[in-house]
Amino acid sequence: MDVSFMDEIEQHGGSYRDEHGQQVDLLTLLKLGDANAIRLRIWNDPAGGFCNLERTVAVAKRIKEKGLQFLLDFHYSDRWADPANQWKPKAWEKLSYEELQREVCTYTADVLRTLKEHDLLPDMVQVGNEITPGMLWDEGRVGGEEHDTDEQWERFAGLVKYGIAAVKSVDSEIKIMIHIDRGGDNAESRKFYDRFEALGVEFDIIGLSYYPWWHGTLDALRDNLHDLADRYGKPINVVETAYPWTLEQPEGHEWILNQEELLLPGYPASVEGQTRYLKDLLQIIREVPGGLGAGFYYWEPAWIPSKEEWSVGHPNNWGNLTMFDFKGQKLQSFSALKAGEETDTELHEQPNAALIK
């Protein structure tokens with residue numbers, strides 16, 4: 001589970017409740033719901049003071065106290081880094097390419113050394129977030145007619161290699177994930193990882209984002225996972241995913257997914273539909289050849305909305321894609337995560353049941 005907004009929500013008065021309506025610590029609820037790992041993003045110097053190093057240390061302490069695995073996601077930006085935004089931190093904007101390489105290395109190592117001093121080292125690190133188009137634009141930008149050149153790919157890979165080297169210099173046991181956004185796009189996934197393989201980028205885990213309304217059908221995801229496993233022989237993690245439990249929009253909110261025609265056929269925007277989606281997703285991951293389906297992270301299952309809008313500078317457009325209702329009540333869709341639970345008869349009778357083996 002990625003709960004990077006948890007810290008901010010709690011500090012602004014948000015809370016979470018179990019199925020009995022009792023207020024419970026969020027990480028406790030997630031662990032009881034069979035989550036076993038937490039992902040946090042880190043921004044260099046973010047507005048609002050959350051997701052920075054100081055707050056990452058505070059939240060990582062809670063993660064470790066619960067005995068949960070810890071994945072740290074370096075965005076290398078002061079704000080969101082994704083396929084449409086890979087902007088350098090303000091403090092790095094005027095650096096040359098060679099200076100950028102050094103800063104990536106120094107910053108990454110400094111963050112991890114600080115965590116190590118508190119006995120909070122992550123089990124896994126992402127060097128970049130959804131870096132399909134590169135990172136630290138424009139020096140590390142790839143794709144499109146202007147930037148899809150061998151020279152740009154070498155520059156991009158060089159930045160990533162400096163980040164990886166920094167991680168390994170602090171602790172060689174930390175696993176490295178390289179994360180792109182093309183969960184249902186095999187051609188683009190192969191293009192990216194073929195390039196990194198040719199350029200000698202050494203990493204441990206393939207990370208993919210998969211949101212059906214952007215990335216295609218579950219069949220497309222399954223086909224991509226199978227091909228990537230066969231082709232590269234690395235564990236694969238669907239490191240971001242989500243599905244709506246409602247299309248209802250409270251006053252003052254507009255969800256990023258609010259149109260029924262964008263839903264997967266047979267998976268309504270309901271708690272039952274969300275549960276079915278998670279069960280079928282899990283089954284697809286379990287069936288990846290060679291046991292290389294490493295798992296998945298649900299992106300921001302606890303980003304609940306509020307009247308005061310507690311995500312400073314980040315209006316909540318995600319409140320119907322969580323695994324808690326608008327008031328922080330745990331949803332029944334957590335039942336999909338129970339290890340070894342059989343898919344029930346009702347789910348077998350739904351469309352796309354062929355996905356359930």
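## Basis of the model

Contact means heavy atoms within 4.5 Å. This is a predicted model, in which local features need pLDDT of at least 70 and side-chain atom pairs count only at pLDDT 80 or more, while totals for chains, interfaces and linings use all residues. Residues are numbered from 1 along each chain as its sequence is written, and side-chain values use heavy atoms, with hydrogens and water left out.

## Nonpolar cores

Leu30 touches Met1, Val3, Ala35, Ile38, Phe324 and Phe334, leaving aside residues up to four places away in sequence. Leu30 belongs to the largest nonpolar core, which has 98 residues. A nonpolar core is a set of buried Ala, Val, Leu, Ile, Met, Phe, Trp, Tyr and Cys residues joined through side-chain atoms within 4.5 Å. Buried means under 20% relative accessible area, exposed over 50%, and partly exposed in between (1.4 Å probe, protein chains only). Met1, Leu30, Leu72, Val160 and Ile178 touch the most other members. Helix 6 (residues 150–170) gives the most to this core, with nine residues. Helices (H or I, at least four residues) and strands (E, at least two) are DSSP runs, numbered from the N terminus.

Another core, of seven residues, lies apart from the largest one. Its members include Leu71, Met124, Ile205 and Val239. In soluble globular proteins, nonpolar side chains tend to be buried together.

Seven strands form an open sheet with the order 1-2-3-4-5-6-7 and parallel pairing. Two strands pair if DSSP finds at least two bridges between them. Strand 1 (37–42) and strand 7 (293–296) are the edges, and each pairs on one side only. Neighbouring strands are turned by 25 degrees against each other on average, direction ignored. Axes are lines fitted to C-alpha atoms, for helices over the stretch in contact, and angles run from 0 to 180 degrees between N-to-C directions.

Helix 7 (residues 186–198) packs on the sheet and touches strand 4 and strand 5. The direction of helix 7 makes about 140 degrees with that of strand 4. Helix 9 (residues 218–232) also packs on the sheet, against strand 5 and strand 6. The direction of helix 9 makes about 170 degrees with that of strand 5.

Strand 1 runs parallel to strand 2 (residues 69–74), and six bridges join them. Leu40 has Leu72 as its bridge partner in strand 2. Ala37 is partnered there by Gln69. Five of the six residues of strand 2 are buried, so this strand is largely enclosed by the rest of the structure.

On to strand 3 (residues 124–127): strand 2 pairs with it in the parallel sense over four bridges. Leu71 has Met124 as its bridge partner.

Two β-α-β units are found here. Strand 1, helix 3 (residues 53–65) and strand 2 make a right-handed one. Strand 2, helix 4 (residues 97–117) and strand 3 make a right-handed one too. A crossover is right-handed if, with the strands pointing away from the viewer, the path from the first strand over the helix to the second runs clockwise.

Six of the six residues of strand 5 (residues 205–210) are buried, so strand 5 is largely enclosed by the rest of the structure. Ile205, Gly207 and Ser209 point one way. Ile206, Leu208 and Tyr210 point the other way.

Strand 4 (residues 175–180) pairs with strand 5 in the parallel sense over four bridges. Met177 has Ile205 as its bridge partner. Strand 4, helix 7 and strand 5 make a right-handed β-α-β unit. Strand 5 also runs parallel to strand 6 (residues 236–241), joined by five bridges. Leu208 is partnered by Val238 in strand 6.
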